[in-house]
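Open the model in your viewer and keep the sequence panel beside it. The tour moves from the whole chain to single residues.

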Amino acid sequence: EHEALADKARASVAAQGPSKLITALKVGGAALGGAALLAVTGGLAAPAIAAGLGATIGVMGGGAGVAAAVTSFGASTAGTAAISGALGAYGASHAASKVAKQVGEVEEFGFLDLSQTLYVPLSQSGTPAPAPPPQQQQQAAAGGTAS
């Protein structure tokens, strides 16, 4: 059953061409990189995260015993693994979605000619902006731009 799904996925990628494969590799690489970065930094920060959670529980009235239990679990090996895993999963998801948005197919594309109509006066606050060139003043008076 798994082989059939794998064959179907391979056939789908092959039918879509090499650009889809390259896109999939970019997104997968970003997911791996994001997962690794956040898992490592989350593992290093796990004791501090656990201490923060314990302090928050103590301040919110959760009791000293509960706060101590959360802090000690978070600082343990299992707690560090849980925090690293959660942050790694988030890192993979976030990085993959951002890269997929960047390298995905373009939905709308076009060029706009701004050379005839673009005039942006820049001035300091309190200083009047310079007047537009005479050509643009004439075009504005005529009701548009000349092509």
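How many helices and strands does the secondary structure of the protein chain come to? The count is 5 helices and 0 strands. Both kinds of element are DSSP runs numbered from the N terminus: helices are H or I with at least four residues, strands are E with at least two. From the N terminus on, the order is α-α-α-α-α.

Two notes before you select anything. This is a predicted model, in which local features need pLDDT of at least 70 and side-chain atom pairs count only at pLDDT 80 or more, while totals for chains, interfaces and linings use all residues. Residues are numbered from 1 along each chain as its sequence is written, and side-chain values use heavy atoms, with hydrogens and water left out.

**Whole chain**

Show the surface. The accessible surface of the protein chain comes to about 10,800 Å², and 66% of that belongs to carbon and sulfur atoms. These areas come from the Shrake-Rupley method with a 1.4 Å probe; for residues, only the protein chains shown count as cover. Of the 147 residues, 14% are buried. Buried means under 20% relative accessible area, exposed over 50%, and partly exposed in between (1.4 Å probe, protein chains only). Now turn to contacts, meaning heavy atoms within 4.5 Å. Among contacts with a separation of 6 or more, 55% join residues 24 or more positions apart.

**Helix α4**

Select residues 77-103, helix α4. Its 27 residues should span 39 Å at 1.5 Å a residue, and its end C-alpha atoms are 38 Å apart, which agrees. The expected span is 1.5 Å times one less than the number of residues. Next, colour the buried residues of α4: Gly79, Ile83, Ser84, Gly88, Gly91, Ala95 and Ala96.

**α3 against α4**

On α3, pick Phe73, Gly74 and Ala75; on α4, pick Thr77, Ala78, Gly79, Thr80 and Ile83. These make the contact.

Now select residues 18-59, helix α2, and find lysine 20 in it. Lysine 20 is partly exposed, at 32% relative accessible area. Draw a C-alpha to C-alpha distance to glycine 104: 9.1 Å, across 84 residues of sequence.

Move to glycine 33, also placed in α2. Glycine 33 is partly exposed too, at 31%. Alanine 92 is 59 residues away in sequence and 7.3 Å away in space, C-alpha to C-alpha.

Finish at leucine 38 in α2. Its relative accessibility is 29%, so leucine 38 counts as partly exposed. Which residues is leucine 38 in contact with, leaving aside its neighbours within four places in sequence? Select Leu87, Gly88, Tyr90 and Gly91.
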